[in-house]
Amino acid sequence: TSTLREWVVIWHRLYVENKTTLFRHVQQMTYSLIEWRSQILSGTLPKDELAELKKKVTAKIDYGNRILGLDLVVRDDNGNILDPDATSTIALFKAHETASKRIDERIQEEKSVQQNVDLRGQPIFNTTHTYSLYVNFKNFVCNVGEDAELLMSLYDPDQSKFISENYLVRWGSNGMPKEIEKLNNLQAVFTDLSSSDLIRPRISLVCQIVRVGHMELKEGKKHTCGLRRPFGVAVMDITDIIHGKVDDEEKQHFIPFHRDLWVLSRIAIKSKECSFCRLGCIFLGLWISLKLLPGDLAQVQKDFSHLVDRSTAVARKMGFPEIILPGEVRNDIYITLMHGEFDKGKKKTPKNVEVTMSVHDEDGNLLEKAIHPGAGYEGISEYKSVVYYQVKQPCWYETVKVSIEIKEVSRYHLRFTFRHRSSQESRDKSERAFGLAFVKLMNADGTTLRDGRHNLIVYKGENKKMEDAKFYLSLPATKVEMEDREGLPAKHHTANFTPTKDSTKDSFQIATLICSTKLTQNGRFDTLDALFSIMMEMSDNESYDFLVFDALVFIISLIGDIKFQHFNPVLETYIYKHFSATLAYLQPVMECLQKAPMQNISSPVQDSTIGVCDHLVVCGNLQLTKAWSLRFPFCLQGSFVACMMAILRQMDDSHYNHYISTFKTRQDLIDFLMETFIMFKDLIGKNVYAGDWMVMNMMQNRIFLRAINQYASVLNRFFLDQASFELQLWNNYFHLAVAFLTHESLQLETFSQAKRTKMVKKYGDMRKDIGFKIRDMWYNLGPHKIKFIPSMVGPILEVTLTPEPELRKATIPIFFDMMQCEFNFNELITKLDQEVEGGRGDEQYKFLLEKL
């Protein structure tokens with residue numbers, strides 16, 4: 001009821017301001033709440049339906065409050081509003097995080113649904129959860145001078161990562177495709193895009209151009225050829241196309257190309273296409289057409305056969321689509337050459353390093369055509385990286401796909417050899433590989449190589465040793481493996497094949513990503529089968545029962561979420577075709593239901609369980625560690641501040657007094673208070689928590705107010721008399737107190753009547769509390785007052801202008817007291833005139849000035 005009253009006021013304002021869309025949205029939500037309220041009050045609903053309806057009501061209220069700019073309401077698992085006085089600070093913070101995340105997801109869902117509805121009005125888009133991007137390569141206008149490779153892929157500039165495989169076009173030096181049959185037939189489709197990809201804030205199409213030929217264009221016949229050299233990059237912001245705002249496959253888009261940006265491409269492609277227009281020649285670049293298609297590959301081949309046929313190259317997303325139907329098999333291993341560092345050795349300049357990657361079994365046999373640099377061509381047996389000219393620390397960022405039969409993966413490893421490439425053909429022929437690195441695709445325990453970056457060891461030695469897989473496979477492949485093996489006896493003699501981390505200055509890093517429907521799971525079980533099997537096998541262990549039961553409930557509840565409702569067919573397929581021994585599983589499930597304890601919200605005394613900040617503890621004597629007395633930079637996370645608040649919340653007067661008594665010297669106490677005042681002021685001024693986290697912000701205000709008042713008493717006891725007075729310390733206190741009093745979260749007159757009433761009832765008006773303390777501290781200064789004039793005139797005026805009658809009556813006299821202390825009070829009058837004439841002084845303020 002209170003929510004409806006608050007919404008109706010806003011609803012009326014939206015009508016007056018002619019904000020039609022939001023007005024209708026609020027109207028619809030209000031009607032829903034009224035209807036649900038009637039159902040709840042009817043008393044006719046069964047208990048389970050009533051509980052479900054209450055969840056819908058709270059979810060609707062929370063969502064409505066967010067879009068209307070109202071405060072976030074935090075609740076327990078049953079939908080009841082949390083009482084901050086009966087909830088620990090840490091639990092309260094986590095509840096805010098959870099609630100905020102849930103609402104963000106709901107808003108994102110709404111955007112996604114609306115986006116699908118708006119998407120060209122095609123009904124098919126409303127029920128589709130997998131999409132494909134069709135690309136038709138029209139022309140490449142640039143005189144490279146030699147053959148070239150064009151590698152196109154999708155890129156997320158906000159996450160700084162490529163999200164798709166490459167589409168490869170080999171371009172001849174004659175200005176046409178290398179394969180003449182592909183002339184006017186260069187088409188690709190980027191598949192497996194999900195609805196989450198369609199709502200990325202930005203997405204780009206990136207084309208990296210590699211020149212294939214000599215080290216330098218000017219070189220002739222006696223120079224080395226066939227080298228892959230970085231040439232340039234072209235980028236187009238395709239966000240509007242992905243979002244469905246632009247839809248015309250006939251329209252040809254021009255993407256400006258710029259040379260010599262290859263190395264900088266990881267930074268450059270974060271920019272939009274307009275930046276490249278300024279950088280490059282407007283006559284050089286790519287011509288393409290694009291169209292977003294609903295459906296997976298099979299669907300678009302059927303529905304858009306005029307665009308996508310069997311000859312169209314298929315570049316998959318480096319990741320899974322939203323739906324993986326039973327029976328779908330995928331086993332793609334993506335390898336990215338990241339960067340390296342190579343000692344120049346006896347050479348006067350850094351090496352021109354070329355990395356050759358290949359796939360071998362445990363006997364060293366080469367796996368043919370296992371490496372795919374890009375869609376559109378068959379696999380190759382060896383992949384050679386681009387070559388940077390005399391660069392000690394080359395950065396490649398080249399990604400290829402490795403395809404191996406699932407059952408054979410355990411036998412294979414990746415081999416990387418490093419060779420200096422000379423621009424002179426005669427010298428280049430004599431250059432041998434100077435180093436080797438490798439990595440196994442599966443670990444000894446049968447798990448696959450983890451996703452992420454791997455720092456490989458670069459081994460140096462005789463070429464024959466490098467080719468002997470049985471020899472080098474016994475050595476550690478990564479720096480982590482080497483550290484794990486340190487101290488263990490060596491299994492082989494390695495005098496001619498340096499294995500120690502100190503024996504070479506060279507380093508090499510790769511990144512891996514495995515997209516497999518089999519390797520990432522136990523091959524005998526579906527996820528649900530595995531969970532039920534664990535429950536049966538571990539039926540005597542209650543801890544396993546609860547863990548498995550929680551996982552089952554979580555998985556099944558996900559299907560009920562609007563985001564994952566399209567997984568219903570998958571679940572039904574599993575139930576009818578794969579699920580077995582239903583009755584056998586029923587008993588342990590029912591036991592879990594009966595044993596499951598109710599989740600109680602933490603009490604305030606549990607705040608000492610800090611978790612994320614274990615180094616912030618309250619010891620036996622409740623002495624705070626020095627960590628939080630240091631001045632923190634504002635990269636603090638809310639969890640850290642919540643931990644500090646939890647500690648302060650538990651401290652009573654005796655704890656504060658004891659803590660102050662632990663400082664051994666006067667200077668230590670001064671330093672502590674100075675840093676604490678500065679830290680509090682920073683945290684108050686920079687809003688650690690979101691504006692709609694009203695409960696968390698008020699909790700922080702209340703705890704800070706109590707701490708500030710405690711430290712004020714320390715100032716009066718130790719730093720007030722003539723001999724011990726500390727001007728800067730008092731000055732920091734006054735500025736902190738004013739910053740607290742004037743903080744936006746405490747300005748009650750700016751809130752709605754409903755919120756104002758709620759805050760006063762729960763927290764009172766903290767401005768009066770701190771304002772009265774400022775008054776008392778000012779009059780305690782005695783002869784020291786003159787030291788704060790005129791520096792404190794502005795802050796005190798700011799306090800007196802706060803539109804709260806009792807606060808004004810308490811603080812306006814301070815202003816007149818300043819006049820009595822300072823005979824030259826022209827500056828005081830000038831500042832007062834500026835504030836009043838600037839609209840800050842209302843009639844009540846003028847009346848109090850005259851009266852007092």
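Helices (H or I, at least four residues) and strands (E, at least two) are DSSP runs, numbered from the N terminus. The views below come from a predicted model, in which local features need pLDDT of at least 70, side-chain atom pairs count only at pLDDT 80 or more, and totals for chains, interfaces and linings use all residues. Residues are numbered from 1 along each chain as its sequence is written, and side-chain values use heavy atoms, leaving out hydrogens and water.

**View 1. Strand 15 gives the most to the lining of the largest cavity, with 4 residues.** A cavity is a set of points on a 1 Å grid over the protein atoms alone where a 1.4 Å probe fits but cannot get out, and lining residues have an atom within 4 Å of a point. Look for N166, Q208, Y397, E398 and T399, the closest to the centre of this cavity among its 16 lining residues. Strand 2 (147-156), strand 6 (204-213) and strand 15 (395-403) each supply at least two residues of the lining.

**View 2. Helix 22 provides the largest share of the lining of the second largest cavity, 3 residues.** Helix 21 (666-685) and helix 22 each supply at least two lining residues.

**View 3. Helix 22 (residues 694-718) packs with helix 24 (residues 753-763) at an angle of about 40 degrees, their axes 12 Å apart.**

How values were computed
Axes fitted to C-alpha atoms, helices over the stretch in contact; angles between N-to-C directions. 1 Å grid on protein atoms, 1.4 Å probe; cavity = no way out; pocket = protein on both sides within 12 Å on 5 of 7 lines; lining within 4 Å.
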